[in-house]
Amino acid sequence: MHNPGNATPDRFPAQDRFANGAQYIAGRLAKGTSGRTHTVVDPATGADVLTYELAGPDDVDAAVAAAREAFPGWSGATPGERSDALHRFAAVLAERAEDFARAESLQCGKPLKLTREFDVPGTVDNAAFFAGAARHLQGQSAGEYSGDHTSYVRREPIGVVGSIAPWNYPLQMAAWKILPAIAAGNTIVLKPAEITPLTSLMFAQAATEAGIPDGVINIVSGTGREAGEHLVAHPDVAMTSFTGSTAVGRRVAEVATSTVKRLHLELGGKAPFLVFDDADLDAAVHGAVAGALINTGQDCTAATRAYVQRPLYAAFVEQTAALMDTVRVGDPFAPGTDLGPLVSHVQRDRVAGFVDRARSYARVVTGGEAPQDDLKDGAYYRPTLIADAAQDSEAVQSEIFGPVLVVLPFDTDDEGIRLANDTPYGLAASAWSRDVYRANRATREIKAGCVWINDHIPIISEMPHGGYKASGFGKDMSAYSFEEYTQVKHVMFDNTAVAAKDWHRTVFGDR
């Protein structure tokens, strides 16, 4: 349901902040030039938040030109200078924490306690981490290993980075893409999802306030088909970083190959949650509910497929359903809310379609419906548990991206690990066991970029995030992410001033 009335100002006064437009180019807000508009909607109420002019190709060109102009100065700054700027940036983000938390809750429907305790502190921590990483753009010397020559490796920035971020974690995804890129000396143009541009714009504004030069960070708020494709195909963009669905990731890769860009893809996930029969059942049940319902299930690492060894299966299903029923669904700004709406009515209806189709081949144990009370105007959906689906069914194989957990039994350890690996995805997984040997085997044999043991979902700035298989390649966060945004140059020079003559004589003889 769409409510053309404005969102209440106490939630977030977006209209006033972005009166000059929702594009951020060369340190200034500007209006888009596509000739079309988009309205950001509060998914909790259906109320309009902000109507803005979408970016078109001309806006992308202007943003890339600004980034290209800023590149020599920013890449030429010392690591210490970039580090100091990023430390100031982290401080500004921390000062604006409540503003960011409220804006993220408003545009995404996230409970305010989640954005206050997870999204915003995680973003500040990322900024502090990459402020330190900026001082570690290290090369490596090979010394005198090649006779009279010395070799060393330089790590250098790549140039202008074009990034596309999704709608599920707009603030954190902006941070994951912008911070390592600029810490390494690159400049960037970020395209957020057109339905959730607010915190990306605020992020860029905070960077300017912290003293990061104009043009280093630019934001173009537009559609993927128009602004996104033009950004990926742009000849002056040296690297593309994309987070989103595997289907769209394939299209990004196809477009990026036209100019042979460096490519970084973090794509879909269908994380298995593997419970062995010696696991702490209560801990596993609580982990499953938290892991499945984080961000209303709109998380590519969320627990979506629980495989439970048969002795624990019935109890796990019963206890998980009972715990799901205690989760408080409601207004994201209400203090007692555990679960907010999905990001839009379109996404809510998509999730409902998966569940409705599953009724023909599986058992919907709890949930499976939208609330019909005072939440009916929002994009809400109740926490849902599906049991007894077949491994090859849609609910098990496809990314639902909502508050839905599918539970299946398994008998042997071999079968459990085989089922865990039996999807095209490989982003994240967890295994639950008190046996160190079982747990260690799971970490070796589950094909995913992250495997948690007796937990599901925590991430930290120091450790990498990224997938295997159809979940993409490349890493976010950590020193691995920092290196993604550099290119390696081999430098070799003659220590004797005669080696070139000797080499010529060896190849061509005396002449």
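**Exercise 1. How many of the residues of strand 8 (residues 160-164) are buried?**

Solution. The model used in these exercises is a predicted one. Working through strand 8, one finds that five of its five residues are buried, and the strand is accordingly described as mostly covered. The next step is to sort the side chains by direction: Val 160, Gly 162 and Ile 164 point one way from strand 8, whereas Val 161 and Ser 163 point the other way. In a regular strand the side chains alternate between the two faces of the sheet. Turning to the pairing, strand 8 is joined by five bridges to strand 9 (residues 187-191), and the two run parallel. Within strand 9, Leu 190 is the bridge partner of Ser 163.

**Exercise 2. Classify the ring pair of Phe 273 and Phe 316, and explain which parts the pair ties together.**

Solution. A pair of aromatic rings is described by the distance of the centres and the angle of the planes. For Phe 273 and Phe 316, the computed values are 6.4 Å centre to centre and 40° between the planes. The distance meets the requirement that centres lie within 6.5 Å, and because planes under 30 degrees apart would count as stacked and those over 60 as edge-to-face, the remaining class is tilted. The pair of Phe 273 and Phe 316 is thus a tilted one, and the structure holds eight aromatic pairs.

To locate the partners, note that Phe 273 lies in strand 13 (residues 271-275) and Phe 316 in helix 11 (residues 310-324), so the pair ties together parts that are 43 residues apart in sequence. Both phenylalanines, Phe 273 and Phe 316, are buried. Ring pairs also bring in Trp 432, which forms a cluster with Phe 273 and Phe 316.

**Exercise 3. Describe how helix 4 (residues 97-108) and helix 7 (residues 198-209) are arranged, and which residues make the contact.**

Solution. Two packed helices are described by the angle between their axes and the distance between the axes. Here the axes of helix 4 and helix 7 come within 9 Å and cross at roughly 155°. That crossing makes helix 4 roughly antiparallel to helix 7, because angles over 145 degrees count as roughly antiparallel. On the side of helix 4, the contact is made by Asp 99, Phe 100, Ala 103, Glu 104 and Gln 107, and on the side of helix 7 by Leu 198, Thr 199, Met 202, Phe 203 and Ala 206.

**Exercise 4. Is Gln 172 buried or exposed?**

Solution. Gln 172 has its place in helix 6 (residues 170-183). Its relative accessibility is 5%, and since buried means under 20%, Gln 172 counts as buried. Leaving aside residues up to four places away in sequence, Gln 172 touches Phe 118, Asp 119, Gly 122 and Thr 123.

Key. Residues numbered from 1 in each chain as written. Predicted model: local features only at pLDDT ≥ 70, side-chain atom pairs only at ≥ 80, totals over all residues. Heavy atoms only, no water. Phe/Tyr/Trp six-rings, centres within 6.5 Å; stacked < 30°, edge-to-face > 60°. Helix = DSSP H or I, 4+ residues; strand = E, 2+ residues; numbered from the N terminus. Buried < 20%, exposed > 50% of the residue type's maximum accessible area, 1.4 Å probe, protein only. Axes fitted to C-alpha atoms, helices over the stretch in contact; angles between N-to-C directions. Parallel < 35°, antiparallel > 145°, perpendicular 65-115°, else oblique. Contact = heavy atoms within 4.5 Å. Pairing = 2+ DSSP bridges.
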